[in-house]
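Trainee: Before we go through the salt bridges, could you set each value against its definition as we talk?

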Amino acid sequence: MNDFDPAALDCLAALADEQGFERAAQRLSITQSAVSQRLRSLESQVGQPLVVRSRPLRLTEAGKVLLRFARQLQALRVDVARELGERVAPQSRLAIAVNADSLATWVLPALDALVQRGLREGYGLEIVVDDQDFTHDSLRQGAVLGCVSTVAEALQGCRVQALGVMRYVAVASPGFLAAQLPDGLHAGNFADTPFLVFNRKDDSQQQWIAQAFGVRAPRLRERFVPSSEAYVAAAVMGWGVGVAPEIQVRPLVEVGQLAILRPEVGVDVALYWHQWQLQARGALLDQIGLALAEGARKALG
């Protein structure tokens, strides 16, 4: 692995990020032919294709393996430059994956000090957003170096740390409850009640119904709102019943804009931080993990 050209690995990472040769070349400030040449050299070295030249471009399984190595090498270069007091390369970015609800609530305050320091030292932090059940796939495929996930088991070469539990509660606006659910939400009317859903990966509504009414695989009237902030805003506007993080809706409940349905029922989601193990002293990835653990402790308890 020591024989792999770092510039070629950087090309592979840029292709994975930008999903095309033109944008990868622009990011690296080189020509498209140079990107193609470096990729061909890398593919010749490993003896198999690394990308599927489609639109958008996709990595092969071998490409994903080398992408993990490229990400780790980039992170190590950032750590070494910082330790030596040198300026970090301006395109240096360290990517992590988090779920949208954590990003909307506790992740930004947890990472603020590191991001502000990065502005001074030159490195960047890239946050990739996905459902908490799927961020682990981004880590496995090499798209990111760390992730907040519901998966408790660490990948080989990674370590994992428990962050805490995010509790989800069902909420609706007082106006919606008065107009649509004057007798409350119960087993006889939930199937006809609009429920807000983040996206097609989101099953928190089904989990809440299963706990509240003992119904397995319930079919619901779904209204999709694919933004954590807009999701809560839609609940306030009376679009339907939402199942949202308690820490996010608590201020709105306190001022009467939302009401919690069946407060004794909640969906508890345990979160974990996963990261590849890098050997640099004071690694930035380690510091991100520590910051997230502390931020989660304060927010989630």
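Mentor: Let us start with Glu18 and Arg27, which form a salt bridge whose closest N and O atoms are 3.6 Å apart. This is a predicted model, in which local features need pLDDT of at least 70 and side-chain atom pairs count only at pLDDT 80 or more, while totals for chains, interfaces and linings use all residues. Residues are numbered from 1 along each chain as its sequence is written, and side-chain values use heavy atoms, with hydrogens and water left out.

Trainee: What makes the contact of Glu18 with Arg27 a salt bridge?

Mentor: The term asks for a side-chain nitrogen of Lys or Arg within 4 Å of a carboxyl oxygen of Asp or Glu, and the pair Glu18 and Arg27, at 3.6 Å, is counted as one. Both residues also belong to a network of salt bridges with Asp17, Arg23 and Arg71.

Trainee: What does the salt bridge between Lys201 and Asp130 tie together?

Mentor: The closest N and O atoms of Lys201 and Asp130 are 2.8 Å apart. Lys201 lies in the loop between β7 and α8, and Asp130 in the loop between β4 and α6, so the pair ties together parts that are 71 residues apart in sequence. Lys201, at 34%, is partly exposed, and Asp130, at 22%, is partly exposed.

Technical notes:
Helices (H or I, at least four residues) and strands (E, at least two) are DSSP runs, numbered from the N terminus. Buried means under 20% relative accessible area, exposed over 50%, partly exposed in between (1.4 Å probe, protein chains only).
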